[in-house]
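Here are my notes on the model you sent over.

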Amino acid sequence: PTGAGFINSQKADAITGTTLIATSNHTILQRIEGFNVSDLGFGTASAATVTLSFWVKSSITGTHSGSLRNSGVNRSYPFTYSISAANTWEKKSITIPGDTTGTWLKDSGIGIEVIFDLGTGSTFRSTAGAWTAGNFVGVTSAASVMATAGANWFITGVQFEPGTIATPYERLEASLSALRCFRYYLSANNAGFVIMANSFNSAQFPVVMRGNPFVTVTPGSVNSVSPVGFIASHTATNGVAYTADAEL
């Protein structure tokens, strides 16, 4: 968006178009860790109101939709937003009352899912503007980008926060942003680091990961894993590459 300071966005393309049926499900979603939303009090009488803001652009105008959903996929709040002009960046802000019922995790599991509906069937769509018992990701009769050949949809500057006002987008210093990402996924390729054959190697992660990650080591095999690091054994003299995945 011109003047908004964003240099990247996420794009969805409907290359050929999809024939939607009742169980079709095309979405882009963000899973937010429970520790990060525990202060919202969802599932209690003091559940906080939240505001979702973002910049969006699409070749498809009209009413689009999305939802908030819990980890058990049995509590949903379908919402709508309108795209007024095709292929033009527009900023949207949606205020949503907190859910006073249901089960909302407040630990390292999925606390809240923020979902953008790009084309789903009737099974996953419901009425906008109310918390509903069920698994819904969009609103009945809303636009379906994926159903139109050649259609596209872009999003950037997404922010989810407590309160009724969309505050200016919070930009983090680059190294801090990277560290936050490392809690969920990281990789390293120490091509110049020689490991002796039939030896053990330990690695400490730069941050404590969300939980025990799934670790792959090349070459070698993993002996033990924790949120702070791992121990691996090696059968060849070579550089070592690894990935650690603790995504939600």
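Predicted model: local features only at pLDDT ≥ 70, side-chain atom pairs only at ≥ 80, totals over all residues.

1. The protein has 248 residues, and 42% of them count as buried. In secondary structure terms, you are looking at two helices and 17 strands.

2. On overall dimensions: along the principal axes, the C-alpha atoms take up a box of roughly 60 × 45 × 40 Å. The protein exposes about 12200 Å², and carbon and sulfur atoms supply 54% of that area.

3. How far along the sequence do the contacts reach? Taking contacts between residues at least 6 apart in sequence, 75% join residues at least 24 apart. As for charge, there are 13 positive and 13 negative charges, and their mean positions lie 4 Å apart.

4. Now the sheet of four strands. This one is open, runs in the order β1-β11-β3-β6, and has antiparallel pairing. At its edges sit β1 (10–13) and β6 (90–96), each of which pairs on one side only. From one strand to the next, the twist averages 30°.

5. Seven bridges tie β3 to β6, and the two run antiparallel. Toward strand β11 (residues 152–162), β3 makes eight bridges, again antiparallel.

6. S53 has S93 as its bridge partner in β6, while in β11 its bridge partner is Q159. W55 stands opposite K91 in β6.

7. Is β3 mostly covered or mostly open? It is mostly covered: nine of its nine residues are buried. In a regular strand, side chains alternate between the two faces of the sheet. In β3, V50, L52, F54, V56 and S58 point one way, with T51, S53, W55 and K57 pointing the other way, and all of these are buried. Note that K57 is on that buried list, along with serines such as S53 and S58.

8. Next, the sheet of five strands. This is an open sheet too, ordered β2-β7-β4-β5-β9 with antiparallel pairing.

9. A handy reference pair here is S65, which stands opposite T80 in β5.

10. Last, I110, which belongs to strand β7 (residues 110–120). Is I110 buried or exposed? Its relative accessible area is 17%, so it falls under the 20% cut-off and counts as buried.

11. What does I110 touch, leaving aside residues up to four places away in sequence? The list is R31, I32, G34, S71, L105 and L248. W89 is a contrast in position: although I110 and W89 are 21 residues apart along the chain, their C-alpha atoms are separated by 30 Å.

Notes
Residues numbered from 1 in each chain as written. Heavy atoms only, no water. Buried < 20%, exposed > 50% of the residue type's maximum accessible area, 1.4 Å probe, protein only. Contact = heavy atoms within 4.5 Å. Areas by Shrake-Rupley, 256 points an atom, 1.4 Å probe, with all protein chains shown as cover. Lys, Arg positive; Asp, Glu negative; His and termini not counted. Charge placed at Lys NZ, Arg CZ, Asp CG, Glu CD. Pairing = 2+ DSSP bridges. Axes fitted to C-alpha atoms, helices over the stretch in contact; angles between N-to-C directions.
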